[in-house]
Amino acid sequence: MDFIKYLDGGFSVIENLEVSGAREGKFGVTIIVSRNSTASAVFTSNKVVAAPVKYTKNAIKNGLISAVFVNSGNANCFTGEQGLKDCETLVELLSRDLKIPKDEIAISSTGVIGREMPIDIISKVAYESISNLGSEPENSLAAARAIMTTDTFPKECALEVTLTTGETVKLAGITKGSGMIAPNMGTMLSYIVSDAVIPANEINKALKKAADVSFNMIVVDGDESTNDTCLMMANGASGIDVVKDGKIDPNFQEALNCLCIDLAKKMARDGEGATKFIEANVYGARNLEDARLAAKSIISSSLFKSAVFGGDPNWGRIVSAIGYSGCDLNPDIVTISIADDEDDVDLVRKGEILAFEDTPYLERAEKIMQSKNVTVNIDMDLGDGCATAWGCDLTYDYVKINAEYTT
């Protein structure tokens, strides 16, 4: 797509935007300031919802957000009325120091569930973060680092898109996520800012479309968090309206999709304990929903994820995952192949099994399964539905990380 250009610098590419991040031990605070921005968000579908999600759902109803406060190290979830009071305390802190109305501030948290916020520590780190606000690449990187928990690297992305009108606007985002990643708003915190002019209701439509092909198509472990938030702001600094005749410019939508996919794939690569990245492509499904079911089922399969970790070309686990996914499937016409960066091989071709023991097909599959990037391609030959999902292998280290998470 030659109308999309990826940029370095993360949030620093957006004018009228200041960000920062600071940490003290496991506790971090990220602050994003984009005054008078139209905004919308998508959230977790978990029935146990963290206090900051409740708070931000209410704050964003007016479609205007000027700042976001994010803390790591504590999820502020299942903390009762005190959790909401702690949200108020931190929002008031930011409102007072930055002279931003409280009802224009969103808040998010990530960390351990069911523990009261260490409000004194978080407040101290917050003041440090406020003092570090800036618009340089290092500010963006600090913001991405401060929200990390079990993440092993910061995740940011920025791009410029040429609209169908020939005008250009920019988008940038950061995200965190490594464990408790599942479909239905993959477990994560993500913040996106554009310099375009976009009404809040149009942001909502565009963000939902982007989340459906990105954050909702990643799986690390199948557990869905209580704090998932993806919030997008548009500060209008470019003066360019991306909504024409009541519709989002298609190039802008594609750019937003690409930004979210980039961030989502970085989360999948950074899955807790992961050593390999998995991509599942499904083609020829009866419809889009069936394609998504099949792709996510492959990525979610603990058996297949374990096989990838061990380099075992046990393609029966792929077949099984598709079979129980709920999608339409005719085993007599399906084609299954796997690939890496160097090779690809059919295991089943239009229902005919090729990868028997001691065949060259299985030998090639064994080599592919040793690679750091493993791709599964499925052709259902039933329709025109297609979808892609991303994930990682399931390793000993995943168990170790989560066995010792609070100790």
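Colleague: Which residues have the most contacts inside the largest nonpolar core?

Modeller: This is a predicted model, in which local features need pLDDT of at least 70 and side-chain atom pairs count only at pLDDT 80 or more, while totals for chains, interfaces and linings use all residues. Residues are numbered from 1 along each chain as its sequence is written, and side-chain values use heavy atoms, with hydrogens and water left out. A nonpolar core is a set of buried (under 20% relative accessible area) Ala, Val, Leu, Ile, Met, Phe, Trp, Tyr and Cys residues joined through side-chain atoms within 4.5 Å. The largest such core has 74 residues, and those with the most contacts inside it are L171, I198, F252, I318 and I378.

Colleague: How many residues are in the second, separate core?

Modeller: Among the members of this separate core are I14, I60, A106 and A172. Its count of residues is 29.

Colleague: Where do E92 and K102 lie, and how many residues apart in sequence are the parts that they tie together?

Modeller: The side chains of E92 and K102 meet in a salt bridge (a side-chain nitrogen of Lys or Arg within 4 Å of a carboxyl oxygen of Asp or Glu), with an N to O distance of 3.5 Å. E92 lies in helix α2 and K102 in the loop between α2 and β5, so the pair ties together parts whose separation in sequence is ten residues.

Colleague: Is R286, which forms a salt bridge with D328, buried, partly exposed or exposed?

Modeller: The closest N and O atoms of R286 and D328 are 3.2 Å apart. The pair links distant parts of the chain, 42 residues apart, with R286 in the loop between β13 and α7 and D328 in the loop between α9 and β14. Exposed means over 50% relative accessible area and partly exposed lies between that and the buried limit (1.4 Å probe, protein chains only). Because R286 has 44% relative accessibility, it counts as partly exposed.

Colleague: Which residues are linked with D151 in a network of salt bridges?

Modeller: By the rule given above, the count comes to twelve salt bridges. In the network, D151 is linked with K155, K176 and D270.

How values were computed: Helix = DSSP H or I, 4+ residues; strand = E, 2+ residues; numbered from the N terminus.
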